[in-house]
Amino acid sequence: MPLANIIEEFVADVEWGDPVECDEETGESQLSTKIEIMNQSFMLYIEGDEKRERFTLNLFAPFQVIEGKSIDAQMLFNFINDSYYFSGRLSLTDEGGIRYKQVIDTDNLEPAAAMIHNMLASATALFKYHIDAIAAVAMTSKTYEAVRKDYDKKAALKAARNQSE
């Protein structure tokens, strides 16, 4: 089944009604829409590429990293990417955008809308769990080191609770 049809099936499942743009010549298809996470409007792009046999999901935060904070933001993204399990990765675009990106290779697989549901669930979970830390580093004077101390405190509290049980 063409990847564009899978994206259309996904759109029907979630009842969004957004159009899926298809280019028959290149075999590329794309869904662009806004979704709400934690009362914030994120931009979502889901792409299907028949030639490369892959789905790509890009989810962009509704805010950008302010000037002078890109190193702190990238250090936080590296920490999140390395310390927590999400199927995709956080990255910083050249323009200061905050992007979660995941690619699934569909070669030798039977593509299904469930793949896209899983990709979106992972992206949504990452932002739900980490949005406060990301926003603090991206848009305030709070440093990566200060945010990292907050993560370490939470981990220590969790470990102490687990020991007491």
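Author: A quick ground rule to start: Lys and Arg count as positive and Asp and Glu as negative, while His and the chain ends are not counted. By that rule the protein chain has 16 positive and 28 negative side chains. This is a predicted model, where local features need pLDDT of at least 70 and side-chain atom pairs count only at pLDDT 80 or more, while totals for chains, interfaces and linings use all residues. Residues are numbered from 1 along each chain as its sequence is written, and side-chain values use heavy atoms, with hydrogens and water left out.

Reader: Why is F79 called buried?

Author: Buried means under 20% relative accessible area, exposed means over 50%, and partly exposed is in between (1.4 Å probe, protein chains only). F79 has a relative accessible area of 11%, so it's buried.

Reader: And what makes Y45 count as partly exposed?

Author: Y45 has a relative accessible area of 25%, so it gets the in-between label, partly exposed. F60 is partly exposed as well, at 22%.

Reader: Why are Y45 and F60 called an aromatic pair, and what makes it edge-to-face?

Author: Rings of Phe, Tyr and Trp (its six-membered ring) pair if their centres lie within 6.5 Å; planes under 30 degrees apart are stacked, over 60 edge-to-face, and the rest tilted. Y45 and F60 sit 5.8 Å centre to centre, with 80 degrees between the planes. That's a pair, and an edge-to-face one. Y45 lies in strand β3 (residues 40-49) and F60 in strand β4 (residues 54-64), so the pair ties together parts that are 15 residues apart in sequence. (Strands are DSSP runs of E, at least two residues; helices are runs of H or I, at least four; both are numbered from the N terminus.)

Reader: How do you know that F79 and Y151 are edge-to-face too?

Author: Their ring centres are 5.1 Å apart and their planes are at 65 degrees, so this pair is edge-to-face. F79 is in helix α2 (residues 70-83) and Y151 in helix α4 (residues 144-164), so the pair joins parts 72 residues apart in sequence. Y151, at 8% relative accessibility, is buried.

Reader: What makes a set of residues a nonpolar core?

Author: Such a core is a set of buried Ala, Val, Leu, Ile, Met, Phe, Trp, Tyr and Cys residues joined through side-chain atoms within 4.5 Å. The largest one here has 47 residues, and F127 is among those with the most contacts inside it. Helix α3 (residues 113-139) supplies the largest share of this core, 15 residues.

Note on methods:
Charge placed at Lys NZ, Arg CZ, Asp CG, Glu CD.
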